[in-house]
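Colleague: I have a structure to get through this afternoon. Can you talk me through it?

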Amino acid sequence: MHTIFSANDLHDTIRSVFTAQRQHAAQMALTTAAQRIERIRRIGKWVDKHEEAIQQAMYEDFRKPAAEVSLAELMALRSEINYTIQHLGNWMKSHRLPTPTVLIGTKSYIRYEPKGVVLIIAPWNYPFVLAIRPLVSAIAAGNVAIIKPSELTPNTAKLISRMIEELFPVEEVDVFEGDAEVSTALLEMPFNHIFFTGSPAVGRVVMTAAAKQLASVTLELGGKSPAIVDETANIKQSAERLAWGKCVNNGQTCIAPDYVLVHQSVKDNFLQAFRAAVSAMYRGDNKPVVDSDSYARIVNSRHFERLRNLVDEAVAKGAVVSMGGTMDASQNFIEPTILERVTSDMLIMHEEIFGPILPVLTYTDLDEALAVVNERDKPLALYIHSRNRQTIDYIINRTSAGDTVINETLIHFSNSELPFGGVNNSGFGKSNGFFSFQEFSNHRGIMQRDFGTMKFIYPPYTDTVRKLIRFIGKYL
Ligand code: NAD
């Protein structure tokens with residue numbers, strides 16, 4: 001853990017760690033798959049040994065229930081660790097590529113080499129997994145790394161510092177805790193790659209800083225992820241799955257369904273099933289949701305007030321709270337809330353909600369629903385709930401999204417085989433498994449000549465050579 005007393009200290013410490021890491025990067029690049037796997041295992045073992053401490057830190061940060069830590073943070077981390085360990089040997093091998101006829105006598109392949117010194121900036125909502133999962137991929141690809149956890153979850157940030165201090169020398173992996181000032185100071189360094197998870201607004205700041213160094217970036221951002229529920233959907237199941245996706249982590253999930261577009265003919269059934277699903281999850285023995293141990297809190301009062309304002313503004317403009325609505329500022333509590341009669345002039349249809357508030361809009365013609373989706377930025381996730389294959393394809397063909405999930409929510413993040421990430425405003429560059437490994441690697445193209453020649457097209461460009469060039473251009 002760095003003890004920093006002044007802005008000068010901060011810049012000096014960052015510079016010295018960065019320099020040490022840059023010197024060490026060449027050595028890390030030479031590590032074998034077995035050596036990288038050993039480092040990744042260290043992380044896995046530490047997590048197993050300290051699961052309770054990790055749960056406790058997040059409970060203190062925003063009352064995240066222990067079971068949600070195990071499920072959404074540690075299970076997702078462990079599966080990525082296991083998947084990486086299983087496949088790393090293959091990923092690190094040279095990947096042979098086909099050779100066009102004209103280049104006969106050569107062979108080509110890709111060798112994934114580490115980018116070098118990488119910076120991982122993490123958000124607060126899944127503060128452990130979103131810092132450590134990218135680290136696993138960074139190490140797998142042979143990089144050295146600096147992590148900047150979120151200042152809004154200080155207990156988890158401290159634990160991440162402790163873990164990294166116990167597991168790695170500073171020149172291999174280090175952590176800088178702190179806020180935007182620390183991030184800004186880090187971003188002045190010429191990192192080879194920056195992996196940022198956070199809001200689109202800060203994503204722009206990060207990309208601007210990266211441009212000065214021409215550092216490559218992976219931006220895992222957010223936005224408004226819509227859910228469409230058509231008239232053929234299994235309404236009870238859809239409502240349960242969307243209620244879970246909306247309420248887990250108190251709605252503070254980058255891929256939480258932000259708003260629902262439901263076919264008018266099934267709206268009442270959907271709302272009833274959604275209410276029942278929320279009660280089943282959080283209102284055992286008919287107690288109020290506030291008493292549930294399974295329900296986290298809004299991370300701080302600034303975000304609580306932001307959410308309260310979104311609801312107040314919508315209601316002032318004619319929206320109706322048709323479920324929930326109870327709020328308690330003293331503990332940043334917001335009950336799962338449904339808003340109806342929402343219109344596009346309301347702030348809640350412009351900002352990412354990032355809380356347990358669900359605008360429910362209705363449609364009768366599917367194209368109307370698609371217009372609502374398409375007039376907004378391309379989302380991180382698009383959820384389609386339908387039993388009609390034609391409708392599903394119709395929606396997929398006429399929209400764009402980072403990922404799309406049919407008849408479920410959230411769980412696509414946990415499949416290391418699937419590319420996870422956004423498009424434009426919701427981010428770019430994909431993570432998970434091999435995709436993350438590639439993000440942290442330079443795809444170095446290598447070609448080798450074994451026999452044959454291109455000498456026949458060298459100057460001088462006689463008639464014969466020109467004919468040959470034309471022939472090659474046309475037929476080979
Ligand atoms: P944020 O953008 O406010 O902060 C993210 C990180 O950036 C933090 O570590 C923060 O300290 C740092 N930061 C803040 N201001 C900065 C600045 N001016 N310069 C440099 N760094 C700065 O995001 P957040 O509130 O922590 O997280 C919520 C957002 O993250 C939501 O938009 C959510 O959708 C998104 N998110 C995306 C994913 C994903 O995988 N795509 C996952 C989780 C969260």
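This is a predicted model: local features need pLDDT of at least 70, side-chain atom pairs count only at pLDDT 80 or more; totals for chains, interfaces and linings use all residues.

Colleague: Fine. What domains is the protein chain divided into?

Modeller: Domain 1 covers 7-222 + 427-445, and domain 2 covers 226-414.

Colleague: How far apart are the C-alpha centres of domain 1 and domain 2?

Modeller: Those centres are separated by 31 Å. The two domains do touch: 20 residues of domain 1 are in contact with 25 residues of domain 2.

Colleague: And how much area is buried between domain 1 and domain 2?

Modeller: About 1800 Å², with carbon and sulfur atoms giving 53% of it. On the domain 1 side, Phe62, Arg63 and Trp124 supply 28% of the area buried against domain 2, more than any other three residues.

Colleague: Why give an interface as an area at all?

Modeller: The size of an interface is often stated as the accessible area lost when the parts come together.

Colleague: OK. How many salt bridges are there between domain 1 and domain 2?

Modeller: The count between domain 1 and domain 2 is 0. The structure as a whole holds 22 salt bridges.

Colleague: Give me one of those. What does Asp12 pair with?

Modeller: Asp12 forms a salt bridge with Arg15, and their closest N and O atoms are 3.5 Å apart.

Colleague: Where do Asp12 and Arg15 sit relative to each other?

Modeller: Both are in helix 1 (residues 7-29), 3 residues apart, so about one helical turn separates them. Asp12 is partly exposed at 44% relative accessibility, and Arg15 is partly exposed at 42%.

Colleague: Another one, please. Which residue does Arg389 meet in a salt bridge?

Modeller: Arg389 meets Asp393, with 2.8 Å from N to O. These two are 4 residues apart in helix 13 (residues 389-397), which again puts about one helical turn between them. Arg389 has a relative accessible area of 48% and is partly exposed; Asp393 is partly exposed too, with 31%.

Colleague: What about Asp450 and Lys107, how far is it from N to O there?

Modeller: The side chains of Asp450 and Lys107 meet in a salt bridge at 3.1 Å, N to O. Asp450 lies in the loop between strand 18 (441-449) and helix 15, while Lys107 is in strand 2 (residues 106-114), so the pair ties together parts that are 343 residues apart in sequence.

Colleague: Is Lys107 buried or partly exposed?

Modeller: Lys107 is at 23% relative accessibility; buried means under 20%, so Lys107 counts as partly exposed. Asp450 is partly exposed as well, at 42%.

Colleague: Which residues are linked in a network of salt bridges?

Modeller: Asp48, Glu51 and Arg78 are linked that way.

Colleague: Change of topic. Which residues form the nonpolar patch on the surface?

Modeller: Phe471, Tyr475 and Leu476 form it, with about 350 Å² of accessible area together. Phe471 lies in helix 15 (residues 463-475) and is partly exposed, with a relative accessible area of 43%.

Colleague: Last thing. Where is Arg302?

Modeller: Arg302 is in helix 11 (residues 301-316). Its relative accessible area is 55%, so Arg302 is exposed. Asn332 is 30 residues from Arg302 in sequence and 9.3 Å away in space, C-alpha to C-alpha.

Conventions. Residues are numbered from 1 along each chain as its sequence is written. Side-chain values use heavy atoms; hydrogens and water are left out. Patches are made of residues with over 30% relative accessible area and no salt bridge: like charges are joined within 9 Å, nonpolar side chains (Val, Leu, Ile, Met, Phe, Trp, Tyr) within 5 Å. Accessible areas come from the Shrake-Rupley method with a 1.4 Å probe; for residues, only the protein chains shown count as cover. A salt bridge is a side-chain nitrogen of Lys or Arg within 4 Å of a carboxyl oxygen of Asp or Glu. Buried means under 20% relative accessible area, exposed over 50%, partly exposed in between (1.4 Å probe, protein chains only). Domain bounds come from an automatic or database domain assignment. Contact means heavy atoms within 4.5 Å. Buried area is the accessible area (1.4 Å probe) that two parts lose on being put together, summed over both.
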